[in-house]
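Grab your viewer and work through these exercises one at a time. Try each task before you peek at the solution.

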Amino acid sequence: AWLLVLVLASYLAIFPALIGYALRRWFDREKVVVALLVLPLLWMLAELLRGWLFTGLPWLSLGYSVMDTPLSRLAPVAGVYALSAAMVVVSGTFWLLMTGQVRERGFAMLALLMLSLLVAGLPTPLRWTQDSGDPVGVSLVQGSIPQELKWRPGRRQMTQAHYYALTEPEWGRRLIIWPEVAIPALRHQVQDYLDEMDALANASGSTLLVGVLVRDQPEGPLYNAMLSLGVDRGSYYKRHLLPFGEYFPAPKFLLDVGSILGLQYSDFSSGPRDQAPLRLGTEVLGLSICFEDVFGRDIRRDLPLAGLLVNVTNDAWFDDSAALHQHLQIARMRALEMGRTLLRVANTGVTAVIGPDGKIELSSPPFEANVLRAQVMPRSGQTPYVRWGDGPLWGLSLAGLLFLAVRRRTA
């Protein structure tokens, strides 16, 4: 395990290392060009690659650090990677102001002014999309089952009773959501319980989303799934899996060595790419499970049809570390990029209603069993990011760096 952590950290370190190498090798002449053009483009390209290679691991992109600043107005236009580039530009201007000559400081001031005018001229995040349809009454159920207890033999009945009790006062609410793998079992092992919850939800006019594992055949694929019970029925199988957590990203010979050593692992399977979205009456729900909300390209797949976003997760793995709050910040960015309210339901962590402007409207305290009730409005329309995704950023970074490289070669 220590070796794998070292390998992962080393892999992630390659990206800033390549930025430093490229700057030193090809772009070390003009401070202004490096600070205001080359480094922002290199950084943006590195983050795009990190979020795409080997399925991607874009946690802690620099753009998240400006979530609560005026620069966040760029998010609905071009996404978090554009915010990263803007943050590098801002950092470059301060570097020039502190270390540059008079001419270089002038360029820095001009860059700050232009960026400020650009951000000030953008519409506010709420202007990109509009309320649509009727308010929806939702109940977000945070079970707060400690991770060290969740999978212990003999606790399943207690967990089922716990969620039953938390949900009983909520029947009649239009949408009730449980977190990721709320019931620590395979679907067929708890089918009677699910049938009972389905009947209760249907009788009360509610739709209940339940997290559970699915394996339909003894040796068949294993899925991390959400089931829709009650008035609206359906299922969603997680498509973008978490490396190490849900599958083991290693060559087969290493897996064989692990088996010889007695190391147990069981890979999940990815759900089909073309799954029909879950619905709430006529409304489409843009559903994601845990790690999937790290990828803007995955969330925008159900847009602009989806009027509401839903993310279910189990952040008990993080305990009370910074990662608990980082994941919430990532979810806020997705709501801002998509211009949709996001209903975030955690087993434990921070269950929250996040507005289409990325601001937390309601939240529950971590590590406490709680039910968060809210009235939320579906929204329609699409932000520029929903329309275009990351495509323009790929084009801008590659074309810009190619132009600068040719310019340097012919200079």
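**Exercise 1. Find how β10 is joined to β11, and which way the two run.**

Step 1: Locate β10 at residues 342-346 and β11 at residues 352-354; strands here are DSSP runs of E with at least two residues, helices are runs of H or I with at least four, and both are numbered from the N terminus.
Step 2: Three bridges join these strands, and they run antiparallel. Strands pair if DSSP finds at least two bridges between them.
Step 3: For a landmark, R344 sits opposite A352 in β11.

Before going on, some ground rules: this is a predicted model, where local features need pLDDT of at least 70, side-chain atom pairs count only at pLDDT 80 or more, and totals for chains, interfaces and linings use all residues. Residues are numbered from 1 along each chain as its sequence is written, and side-chain values use heavy atoms, with hydrogens and water left out.

**Exercise 2. Is N347 buried or exposed?**

Step 1: Look in the loop between β10 and β11, where N347 lies.
Step 2: N347 has 1% relative accessibility, so it counts as buried (buried is under 20% relative accessible area, exposed over 50%, partly exposed in between, with a 1.4 Å probe and protein chains only).

**Exercise 3. What does the side chain of N347 make a polar contact with?**

Step 1: Its partner is the side chain of N314, at 2.9 Å. A polar contact is a pair of N or O atoms within 3.5 Å; within protein, one must be able to donate a hydrogen and the other to accept it, and residues adjacent in sequence count only if both atoms are side-chain atoms.
Step 2: The backbone oxygen of I145 also lies 3.0 Å from a polar atom of the N347 side chain.
Step 3: Widen to contacts (heavy atoms within 4.5 Å): leaving aside neighbours within four places in sequence, N347 touches residues including Q142, Y163, P179 and T313.
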